[in-house]
Amino acid sequence: MTALFLEDAYLSTVEALVIAVREDGGILLDQTCFYATSGGQPGDTGFLERENGDRIEIAGTVTGDTKAEIILIPAPGQPAPAVGEKLVQHIDWDRRYNLMRMHTACHLLSVVCPYPITGAAVSETDSRIDFDMTDTIDKAEVTARLMELVNANHPVFHQWIAEEDLEANPDLVKSKNVRPPRGQGRIRLVCIGDGSSIDSQPCGGTHVGETAEVGEIHIGKIEKKGKENRRFRIRFGPLPD
């Protein structure tokens with residue numbers, strides 16, 4: 001199974017062959033552009049188009065026993081495809097693109113606030129990052145610094161490194177509690193700025209190609225979650241007066 005989104009997050013329509021249908025109805029394809037829930041980013045929704053034009057609506061996408069196994073979950077009452085059947089995948093692009101913008105914004109926030117990350121969740125309208133920090137920081141100041149990075153229109157790209165290279169550079173990992181999966185021999189880095197000048201960190205999610213695509217964002221709230229934990233909420237649009 002090939003996870004096409006790892007190389008091109010903008011693929012929204014792709015042909016594929018059904019390689020398995022699980023007892024619970026989950027569909028496995030030989031290749032997929034559907035992102036599976038992982039790392040705080042929800043899985044894609046959309047539909048599979050059959051050769052006769054019928055649809056199989058997909059309500060979610062998850063991983064199986066390993067990250068390499070991607071399972072498309074049909075909505076209730078959908079017909080089951082046959083193993084070997086050729087389908088055309090259609091992700092809900094508007095939803096995915098908002099998630100790509102939000103996920104990129106989360107990376108930018110980790111640049112503005114260079115503290116260990118204790119948790120994160122990406123959604124279409126309101127995302128959050130939890131930082132291990134005690135400092136007091138103003139949401140207007142953080143918003144201004146975020147928008148500087150957005151408006152500078154830095155390139156966003158990925159590259160692969162060997163697992164041993166990550167071991168030699170542990171500071172690349174910003175999460176305090178979660179480590180990138182091992183065992184495949186290589187790690188995917190998401191990089192921002194020419195020559196990774198702004199940021200570089202392990203991530204398997206989907207992101208926009210330039211920071212300007214994030215659009216206008218702001219910090220809606222900074223919450224205290226324990227003595228040494230601050231939760232930052234990112235929202236689309238301008239900072240309210």
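Predicted model: local features only at pLDDT ≥ 70, side-chain atom pairs only at ≥ 80, totals over all residues.

Residues are numbered from 1 along each chain as its sequence is written, and side-chain values use heavy atoms, with hydrogens and water left out.

**Salt bridges**

- Side chains of opposite charge can pair when their charged atoms come close.
- By the rule given above, the count comes to eleven salt bridges.
- Aspartate 130 also forms a salt bridge with arginine 231, and the closest N and O atoms of this pair are 2.8 Å apart.
- This second pair links distant parts of the chain, since aspartate 130 lies in strand E10 and arginine 231 in strand E15, 101 residues apart; helices (H or I, at least four residues) and strands (E, at least two) are DSSP runs, numbered from the N terminus.
- Aspartate 130 counts as buried because its relative accessibility is 5%, and arginine 231, at 17%, is likewise classed as buried; buried means under 20% relative accessible area, exposed over 50%, and partly exposed in between (1.4 Å probe, protein chains only).
- Salt bridges that share partners join Asp126, Glu223, Arg233 and Arg235 into one network.
- Within a salt bridge between arginine 235 and aspartate 126, the closest N and O atoms are 2.8 Å apart, and the pair connects strand E15 (residues 230-236) with strand E10 (residues 126-131) across 109 residues.
- Arginine 235 is partly exposed at 26% relative accessibility, and aspartate 126 is partly exposed with a relative accessible area of 23%.

**Surroundings of threonine 211**

- Threonine 211 sits in the loop between strand E13 (199-202) and strand E14 (217-224), and this residue is buried, because its relative accessible area is 0%.
- A polar atom of the threonine 211 side chain lies 2.9 Å from the backbone oxygen of leucine 149.
- Leaving aside neighbours within four places in sequence, threonine 211 is in contact (heavy atoms within 4.5 Å) with Leu108, Leu149, Val150, Ala152, Asn153, His154, Val156 and Ile192.

Key: Polar contact = N/O pair within 3.5 Å; in protein donor to acceptor, adjacent residues only side chain to side chain. Salt bridge = Lys/Arg side-chain N within 4 Å of Asp/Glu carboxyl O.
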